[in-house]
Amino acid sequence: MKVILLWMLVVLLSSCADLKEETQYNGALSGGEFEISSLLRNKWRLEAYETGPVSKSVLIEFRPQKNLQGNYILSGISAVNFFEAGFHVGKENALQIAQLSVTEIAGMKAEMEFEEEYFRRLSEIKAYFFRNSRLVLTDLKGHEMIFRPEK
């Protein structure tokens with residue numbers, strides 16, 4: 001019995017060693033001296049694409065904790081589904097979004113079509129910048145996703 005308990009304790013402790021410790025934000029994320037505190041300070045609500053206003057509700061949050069793959073966490077809710085991804089920032093406002101996962105809740109056709117486009121755009125993001133207190137995510141083709149700070 002003691003051997004079994006000892007073995008269970010060893011297994012438990014070794015599995016805990018594999019968990020990544022949450023990395024708290026300390027003023028800068030990977031990408032050298034690059035400061036992204038404004039990105040992390042708010043939750044962001046989708047306001048528009050480069051083509052005009054968006055009427056569907058989308059909320060995202062860039063979190064300062066890392067996932068098991070070593071990327072910082074991006075999470076949110078779209079018109080119907082919840083989502084999570086990893087993100088990495090680099091020099092000159094580079095932004096890479098990886099490992100996008102989405103719940104599979106069904107919704108109305110219009111909301112589902114909007115989500116499909118939104119997630120496609122999100123997965124193609126390559127950079128970010130701020131314009132008029134708005135967060136702008138862009139891809140290589142110049143498409144924009146414009147977010148306002150959530151109050």
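Visitor: Where do E117 and R120 lie?
Guide: Both are in helix α3, residues 109–123. They sit 3 residues apart, about one turn of the helix. Keep in mind that this is a predicted model.

Visitor: How do the side chains of E117 and R120 meet?
Guide: In a salt bridge, with N to O at 2.7 Å.

Visitor: Is E117 buried, exposed or partly exposed?
Guide: E117 counts as partly exposed because its relative accessible area is 28%, and the band for that label lies between 20% and 50%. R120 is partly exposed too, at 34%.

Visitor: What about R121, how far are its closest atoms from E117?
Guide: The closest N and O atoms of E117 and R121 are 3.0 Å apart, and the two form a salt bridge. This pair also lies within α3, 4 residues apart, again about one turn of the helix. R121 is buried, with a relative accessible area of 9%.

Visitor: Which ring has R121 over its face?
Guide: That of Y49. R121 is 3.8 Å from the ring centre.

Visitor: OK, whole structure now. How many salt bridges does it hold?
Guide: The structure holds 10. One of them joins E144 and R131, with the closest N and O atoms at 2.8 Å.

Visitor: Why does the E144 and R131 pair tie parts together?
Guide: Because its ends lie in separate strands: E144 is in β9 (residues 144–149) and R131 is in β7 (residues 127–131). The tied parts are 13 residues apart in sequence. E144 is buried at 15% relative accessible area, while R131 is partly exposed at 34%.

Visitor: Switching topic. Where does T138 lie?
Guide: In strand β8, residues 134–138. T138 is buried, at 12% relative accessibility.

Visitor: What does T138 touch, leaving out residues up to four places away in sequence?
Guide: I125, K126, A127, F129, H143 and E144. For A127, the C-alpha to C-alpha distance from T138 is 5.3 Å, though 11 residues separate them in sequence.

Visitor: Let's do strands. In what sense do β4 and β5 pair?
Guide: Antiparallel, over 6 bridges. β4 covers residues 72–77 and β5 covers residues 82–89. S75 has E84 in β5 as its bridge partner. A hairpin of 4 residues joins the two strands.

Visitor: And β5 with β6, how many bridges?
Guide: They pair over 6 bridges, in the antiparallel sense. β6 spans residues 95–102. Opposite G86 stands A98 in β6. This hairpin has 5 residues between its strands.

Visitor: What is the phi of E92?
Guide: Positive, about 55°, although E92 is not a glycine. Most residues other than glycine have a negative phi. E92 lies in the loop between β5 and β6 and is exposed at 77% relative accessible area.

Visitor: And S133, what is its phi?
Guide: Also positive, about 65°, and S133 is not a glycine. S133 is placed in the loop between β7 and β8. It is exposed, with 58% relative accessibility.

Visitor: Rings next. How many aromatic pairs does the structure hold?
Guide: There are 9 aromatic pairs. Among them are W44 and F130, whose planes are at 45°, so the pair is tilted; the ring centres lie 6.0 Å apart. The pair links distant parts of the chain, 86 residues apart: W44 is in strand β1 (residues 43–49) and F130 is in β7. W44 is buried at 2% relative accessibility, whereas F130 is partly exposed at 38%.

Visitor: What angle do the planes of Y128 and F130 make?
Guide: The planes are at 85°, so this pair is edge-to-face. The centres of the two rings are 5.9 Å apart. Y128 is buried, with a relative accessible area of 3%.

Visitor: Last one. Which residues do ring pairs link into a cluster?
Guide: Y49, F83, F114, Y118 and F119. Y49 is the ring that R121 lies over.

Methods. Residues are numbered from 1 along each chain as its sequence is written. This is a predicted model: local features need pLDDT of at least 70, side-chain atom pairs count only at pLDDT 80 or more; totals for chains, interfaces and linings use all residues. Side-chain values use heavy atoms; hydrogens and water are left out. A salt bridge is a side-chain nitrogen of Lys or Arg within 4 Å of a carboxyl oxygen of Asp or Glu. Buried means under 20% relative accessible area, exposed over 50%, partly exposed in between (1.4 Å probe, protein chains only). Contact means heavy atoms within 4.5 Å. Two strands pair if DSSP finds at least two bridges between them. Rings of Phe, Tyr and Trp (its six-membered ring) pair if their centres lie within 6.5 Å; planes under 30 degrees apart count as stacked, over 60 as edge-to-face and the rest as tilted. A charge sits over a ring if NZ of Lys or CZ of Arg is within 6 Å of the ring centre and within 35 degrees of the ring normal.
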